[in-house]
Structures are given as C-alpha cells and as structure tokens.
Amino acid sequence: MNKTEAAKAFLEIAAQLKREGLLAETAGIVKAALRGENGEVFLAELGGAETTILERAASDEGEPMLSAFSARPDATTVLLLGGVYAPGVANTKKYLVAELDDMAQIVGLTARVARSLTKAEIARCLKGRNSCFVKGLGMLITGRSTAEAVTGAILLEKAAMTHELAKKIGGARRVPLFSAALMHLVYQKKYSKINLEEETKRSVHPPEPADAEQPERSAREQALREQIVAYGMRLTNEGVLQGTWGNLAVRLDETYMLTTPSGLDYRRLTPDDIVKVELATLGYGNQRKPTSEKRMHRDLFAARADVGACIHTHAKLCGVFAAARRSVCCISGEMKALVGEEMRCAGHALPSTKKLSKVALRALGNRNGCLLMNHGAICCGADLERAYLTCKAAEQAAGEQLGVL
Ligand SMILES: [Zn+2]
C-alpha cells in the first residue's frame, strides 16, 4: 500500500462513517489506521477540512491505538471513534453484553470497556474480540478489511444506542447465551469470510460483465433483479440495512422467488448476484448461495398469498424494541395502513431455523411487520415498494414511540 492508496481508503471510510452520523461534530474524534501487506502503517485523523496522512511503524509506542495491530495480527484496519451513544456505555460500564444477534455475531458475547488507551488495556480488551469500548474516548474497532471495521463501528455504536434507548421501554435483555456463542462462531467462520474473499477478488479483478452463458430470463425477472439491487442499496444508504445483514426476497411466480445472496455487501450487489430459489425445495443449483434466511421468506410467501415481497432488516430503532422484547404499539396515521395496528415481537429463535419461521409467522399474523426477538424486523407487502415503505414506516413508528424522531 502506498500513500495514494491509503488516502483513497481513508476517504472511503470517512464517507461511510459520515453517512452513519459517526463523523459529525457531536460524534467526537475519529482516527483511522491502515496496515499494508508489508507491515507499513498509515494513520489519519478524519473529519477535519483536510486529512493529513502519516506513515508510522506498527510498533510506534507514541500512537497507542496502533498496538491494536499487535493484539489482532489479522487486522488491516483500526478505527478509534467517539460515537454518539458509545461514550454513555464506555463511561459507565465495565462491559456490554450482546443484546442483539448482530453484536453477538461480529463482536462476541460481550464488548469490554478499556479503562484507558494503553497497550496492556488494549491487549486485555481485544483478546478474543475485534473491538471494545474505551473509557473517555468511545470505541476501538479492528477489521480484516476496511469494510469489516466500518461495519464493526456501526454495530458497536448501534449496540450502545440500543442499550441506552431501551432504558425508556423497560431495558434491553441479553441474547440467550448459547445462541450468542453459536452465532459468533458461525459468523466468524462463515459469512464474514465470503465477503472478505469477494472484496479481495473484486479489488484485484473488477466484476466481469454478464456473459452469454446466463440462462434466459423474462423481462419481469430482470426487472425484479434490478429492483432488489436498487432497494438494497437504498435501504443501506438510509441506514436501515447495515453491512451484510438483512435480506430481500420477491415472489417471482408460483415456483420461484428471487433473494439476495448470502454474506455479500449490498454496495457490491449486481442483478446477476440475485439468486432464483425454488419455493418447494429451496434449491438453487449452481448459482450464488442465497440468503441464510431463505426459509423464512419462503414460509412467509406460502402462508400469505397477499405478500409479494419481504424485507428482513436489523433496523436500529425497531431493534431497540426487539432487544427490549416489546411491541411497537403506537402506530398512527398512514403508518397503520402499511404496517398494521402494531408490530409484535416474536419469540427468540436462532437465525435460519424452522423455529424462526414459526415464531415470526405467529407474531406477524395478518399484519405487514413484526419484530424478531434480540434480532431485527420483518416487513412485507404486495410488492417491493410496499415492503420498503413498510420498513420505513415501522422505523418511524418505533422512533416516535421512543421519542427520538
Ligand atoms: Zn437477521
């Protein structure tokens, strides 16, 4: 990595953090460090009018955040951020337990709080974890890629926000321990790997245009594939989807549905990445692997003839209710027509299981939205536009009930 490549990566990180409100004046300092293939390290403070890039040795004791590279030998990116809600946790707690499945997956059962930014404290708090809170500062995040670090920052800030806001509705509850441990293991081994491989592949060889070997597609199928990509991007840009979490599915006809692929960042999706899944068997031949929640989408299409599209998200404000195991019940005006009278919270079930379909369908009833305990939300509708509007309305209703919108 040279200085120009580092500058480009810093710009990209800054743009993503800015979209998430993590680069605002109220969100405190943001420092980023990148490690190249030969151990060279570039450091920059982001958010100012100009970004000055410094080259450092990874062993530089004058920059304590760099010791995260020795604590996490596989890390290529380290971020030190203030965050908006993170200081509330960092300054009052010794650790934060996972109250949402996505935190359990990417961070682990708990995120520790470092008492100071020293080498020993960083080593203690990053042992077996890729991120931690830092007292008086906010959060320290590492990633095997810049995208993984940015997602980590978004998620840890979300975990802190969930913990703080859930106090208004009775407090968040922890993810059942066994589920949390299992999900962390599976995520670290499986899903994040798909994305890392894809990222490396695409940075070396840009994606090839669709070739002639593509099976024949109807105009409707092509249009739906393009729609799924467009709505995925829209929900990501609007902060409703984060990283590779969440998934979209559309009923194509009586035999097939189209779904997003597993573990791929929405910013990297193309219409050819969308997977055509057989409803009866969940088979998909030699296409990309479909979302791990394909069963839930299929079961919803089977149970509800009126539903043509379904979006599963880890939306932030709905997530506060999911973590507190409460319903979003004060839904007013136009939102009622989209979502229904309330969004009930389904019981806890591991992602991708038959049990998740069962509890979700029960909580959904004939409404268009429900919450998944300690996990996220499902919103559906006759078509993708309606399902999208339901997601937005649900998030708005949750925010109004929490008094933050
Ligand atoms: Zn999920």
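Here is a walk through this structure, from its domains to its strands and helices.

The model is a predicted one, so keep that in mind as you look around. The chain falls into two domains: domain 1 covers 3-143 + 152-168, and domain 2 covers 219-402. Their C-alpha centres are 30 Å apart. Where they meet, 14 residues of domain 1 are in contact with 14 residues of domain 2. On the domain 1 side, helix H4 (101-106) and H6 are the elements that give two or more residues. H6 contributes the most to that side, with 7 residues.

If you look for Asn130, its C-alpha is 12 Å from that of Ser145, with 15 residues separating the two in sequence.

Next, turn to strand S1 (residues 30-35). Of its 6 residues, 5 are buried, so S1 is largely enclosed by the rest of the structure. S1 has strand S4 (residues 77-81) as an antiparallel partner, joined by 5 bridges; in this pairing Ala33 has Val78 as its bridge partner. S1 also runs antiparallel to strand S2 (residues 41-45), again through 5 bridges, and here Arg35 stands opposite Val41. S1 and S2 make a hairpin with 5 residues between them, and Gly39 in the turn has a positive phi of about 85 degrees.

Now for another sheet. This one is open, with 7 strands in the order S11-S10-S9-S12-S15-S14-S13 and mixed pairing. Its edges are strand S11 (275-278) and strand S13 (345-346), each of which pairs on one side only. Within the sheet, strand S12 (residues 309-313) and strand S15 (residues 376-381) run antiparallel and are joined by 5 bridges; Ala309 has Gly381 of S15 as its bridge partner.

Two helices accompany these strands. Helix H9 (residues 294-303) lies across strand S9 (247-251), strand S10 (256-259), S11, S12 and S15, at about 135 degrees to S10. Helix H10 (residues 316-324) packs on the sheet as well, touching S13, strand S14 (369-372) and S15, and its direction makes about 120 degrees with that of S15.

Methods: Residues numbered from 1 in each chain as written. Predicted model: local features only at pLDDT ≥ 70, side-chain atom pairs only at ≥ 80, totals over all residues. Domains from an automatic or database assignment. Contact = placed C-beta atoms within 7 Å. Helix = DSSP H or I, 4+ residues; strand = E, 2+ residues; numbered from the N terminus. Buried ≥ 20, exposed ≤ 12 C-beta atoms within 10 Å, placed from the backbone. Pairing = 2+ DSSP bridges. Axes fitted to C-alpha atoms, helices over the stretch in contact; angles between N-to-C directions.
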